[in-house]
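Welcome! Take a look at the sequence and the model below, and then we can walk through a few parts of it together.

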Amino acid sequence: MTKPEILVSGSYPDWDMDGFRKDFTCHMLEEGAPLSTLSDALRARIAGMAFKSHAMDPEMMDALPALKIIANYGVGYDAIDVAAADARGIAVTNTPDVLSDEVADLAVGMLIAQARRIVEAEAWVTEGLWAKQGAFPLQARVWGRKAGIVGLGRIGREIANRLAAFKMEISYSSRSAKETPGWRHYTDVAAMAGEVDFLIVALAGGPETQGIVDRAAIEALGPEGMIVNISRGSTIDEGAMIEALQSGKLGSAALDVFENEPNLDPRFLKLKNVLLQPHQASATVATRVAMGALPRATLMAWFNGQPLPTPGNGPGRAFPETA
Ligand code: 8YV
């Protein structure tokens, strides 16, 4: 039986490529490479695409006139112009659920590491300061304090569940109140930021959430407050956050995502009150195996005319609330 042809964009671990090659004839498109590197005849045939790159815009869709499905590797699909896909009848799917716990683990790990200065404390030991200068300076408490989750989707809820186990008071901001075990709901991020110690951003990226954590919210969080971001760099006014971290108007930040990653604003590297991570919240072997399996299953289901394993966009379907 002939295998369906797909376009595979971005780079994947061997286990994913082995899986793709078992079921499909794969044509590779390197991250950032223009579609003009593919022949016209090939572009005219491609109906399915496994997507793991930084942009899929209307022009690229038009360069693939037979395209019917884009299976995105990742829960966040903000790199894909979904409205343009809808207009062209192209389905877009993502990888919800399989990474929520993993991302929540890193968010909590970053929060604790930054509040207790675990990284600097290790340097205190390895650089011999413990023996020379004595005990490491006292740090801020984590348990029992107030956490505000910006966006109570699947990942936000897992973060809140974990922080509740640290006996924290949980607040969350979202357009409408959700069913929760008594957590406090806010519609206004700045209003919530003024009431909490830790602001954890768990929004989906994209134009709707661009800069939702604005200067007012950052300054309301204040000199003792901390921002944790595991969503997208775009959700925070990054310039305002850097200025507030420099001036002390914001206490600290623990960040896994950045506006121009992996090329960070160089001012981040000079700050002492930040913990910087390389967008690795979902990056465990087990979760990446689960994430990689979904686009393959999705494309296979689509080529076999079966229901897609995750809904995504399109008539009668809707992305699950992702972040
Ligand atoms: C991955 C992510 O880093 O799922 C997402 O939206 O940001 C991460 O899990 C990314 O998808 C890898 O390309």
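## Around the ligand

A polar side-chain atom of Arg232 lies 2.8 Å from an oxygen atom of the ligand. This is a predicted model, in which local features need pLDDT of at least 70 and side-chain atom pairs count only at pLDDT 80 or more, while totals for chains, interfaces and linings use all residues. Residues are numbered from 1 along each chain as its sequence is written, and side-chain values use heavy atoms, with hydrogens and water left out.

Ser282 also brings a polar side-chain atom to the ligand, at 2.6 Å from an oxygen atom. Tyr73 uses its backbone instead: an N or O atom there is 3.2 Å from a ligand oxygen.

## The shell of residues

Which residues are around the ligand? They are Tyr73, Gly74, Val75, Gly76, Leu99, Arg232, His279, Ser282, Arg288 and Met291, where near means that a heavy atom of the residue lies within 4 Å. By class, this shell has 4 nonpolar, 4 polar and 2 charged residues; Tyr counts as nonpolar, Arg as charged, and Gly as polar.

Let us move on to Asp16, which lies in helix H1, residues 14-23 (a helix is a DSSP run of H or I with at least four residues, a strand a run of E with at least two, numbered from the N terminus). Is Asp16 buried or exposed? Asp16 counts as buried because its relative accessibility is 0% (buried means under 20% relative accessible area, exposed over 50%, partly exposed in between, with a 1.4 Å probe and protein chains only).

The side chains of Asp16 and Arg296 are joined by a polar contact of 2.9 Å (a pair of N or O atoms within 3.5 Å; within protein, one must be able to donate a hydrogen and the other to accept it, and residues adjacent in sequence count only if both atoms are side-chain atoms). Asp16 and Pro295 are 279 residues apart along the chain, with 9.7 Å between their C-alpha atoms.

## Ala47 in its loop

Finally, find Ala47 in the loop between helix H2 (40-45) and strand E3 (48-51). Ala47 is buried, since its relative accessible area is 14%. Its C-alpha atom is separated by 52 Å from that of Pro223, 176 residues apart along the chain.
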